[in-house]
Amino acid sequence: MSNVSSAYGVTRMHAPAIWKDAHQGEGVVNAIIDSGCDITHPDLRENIIDVRNFTDTGTKSDVQDSGIHGTHVSGIVAAKDDRKGMVGIAPKSKLLILKVLGEDPNSGNYQSLVEAIDYAIRWRGPNNEKVATLNLSLGGSKNDVTLHRAIRKAYQNGIVSVAASGNDGDGRRSTSEIFYPGFYKEVLQVGAMTRNDQVAHYSNTNKNIDYVAPGTNIFSTIPNGEYAQLTGTSMAVPQITGAISLVHRLLKEKDQKISIPNVLTTLNKCTVLTKQGDRIVSFV
């Protein structure tokens with residue numbers, strides 16, 4: 001099995017159709033705000049540009065994955081294209097690993113999340129690179145003023161925030177389940193779909209959902225150089241983050257202004273509607 005065929009999101013979104021023109025997202029920096037990452041994973045290590053730990057455990061540079069979640073998310077965005085293991089949506093994009101979740105996935109707090117977002121806004125790479133996206137495969141039920149302020153600040157600085165709709169869905173579109181920061185209008189909120197293009201029963205539904213993306217039984221990287229399938233809106237978010245990386249680089253190649261409106265206009269031209277009326281990315 002090739003690494004492209006093992007990555008369902010890559011094939012469903014037809015990412016290879018844009019890889020040549022978008023240089024596989026080369027140089028675009030995505031901040032992965034999560035549980036850390038196995039930065040030695042063969043499919044990831046070349047694409048990790050910097051790291052920072054915002055938890056109370058370890059040093060500032062200790063971002064070893066507290067579980068498997070952050071490594072899995074990272075691979076969906078940017079696992080390299082080496083015909084082994086699997087490949088990410090934007091396999092030449094870069095990852096800024098910002099750890100905010102400890103061993104207990106429920107141990108995260110909004111303060112650490114806000115600190116990580118603020119850090120991502122200020123961060124500059126060795127060649128003065130800036131963060132293009134925030135991948136937020138996390139969240140909570142509380143609407144927090146400080147968190148919303150940080151999200152708005154990221155938006156004002158031209159950073160696209162992509163966040164999970166949450167996994168508390170009841171399978172009914174008539175009800176709303178709200179998760180922050182995904183519900184904020186400055187965020188691209190992503191729900192999960194199954195392989196038959198149906199919204200997954202666990203995926204939250206509400207009026208602010210922007211896209212759905214593959215989220216069920218998604219194959220990706222996990223610590224110790226291994227791979228596994230995971231399910232959830234957390235897995236759908238990095239599909240869109242990777243797609244934005246490709247669009248970001250495509251605009252650069254065309255000498256067009258890179259701004260959130262231009263990125264989203266271009267991305268929306270590469271979407272189709274499911275039979276249920278949900279918007280999914282398709283680069284063909």
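This is a predicted model: local features need pLDDT of at least 70, side-chain atom pairs count only at pLDDT 80 or more; totals for chains, interfaces and linings use all residues.
**Notebook: a first look around the chain**

I started with a count: the protein chain has 7 helices and 11 strands. Helices (H or I, at least four residues) and strands (E, at least two) are DSSP runs, numbered from the N terminus. I then checked the radius of gyration, taken over C-alpha atoms. At 17 Å it is close to the 19 Å that the globule rule gives for 284 residues, so the chain is as compact as a globular protein of that length. That rule is 2.2 Å times the number of residues to the power 0.38.

Residues are numbered from 1 along each chain as its sequence is written, and side-chain values use heavy atoms, with hydrogens and water left out.

Next I looked at cover. Of the 284 residues, 58% count as buried; buried means under 20% relative accessible area, exposed over 50%, and partly exposed in between (1.4 Å probe, protein chains only).

Then I turned to the UniProt record. Its unreviewed entry puts the feature "active site" at Asp34, His69 and Ser234. These residues are spread over 201 residues of sequence, yet they cluster in space, with a largest C-alpha distance of 10.0 Å. UniProt positions follow the numbering used here, feature names are shortened, and annotations may be inferred rather than shown by experiment.

I took Asp34 next. Asp34 sits in strand E1 (residues 29-34). Is Asp34 buried or exposed? Asp34 counts as buried because its relative accessibility is 0%. Not counting residues up to four places away in sequence, its contacts (heavy atoms within 4.5 Å) include His69, Gly70, Ser137 and Leu138. I also found its side chain reaching the backbone nitrogen of Gly70 at 3.3 Å.

I found Ser234 in helix H6 (residues 233-253), buried at a relative accessible area of 9%. Leaving aside neighbours within four places in sequence, Ser234 touches His69, Val73, Ser137 and Ala164.

Last, I followed helix H3 (residues 69-78), where 9 of the 10 residues are buried. Gly70 and Val73 are among those buried residues. What do the buried residues of H3 pack against? I noted E1, strand E3 (94-99), strand E4 (131-136), strand E8 (218-222), strand E9 (226-230) and H6.

Methods. A polar contact is a pair of N or O atoms within 3.5 Å; within protein, one must be able to donate a hydrogen and the other to accept it, and residues adjacent in sequence count only if both atoms are side-chain atoms.
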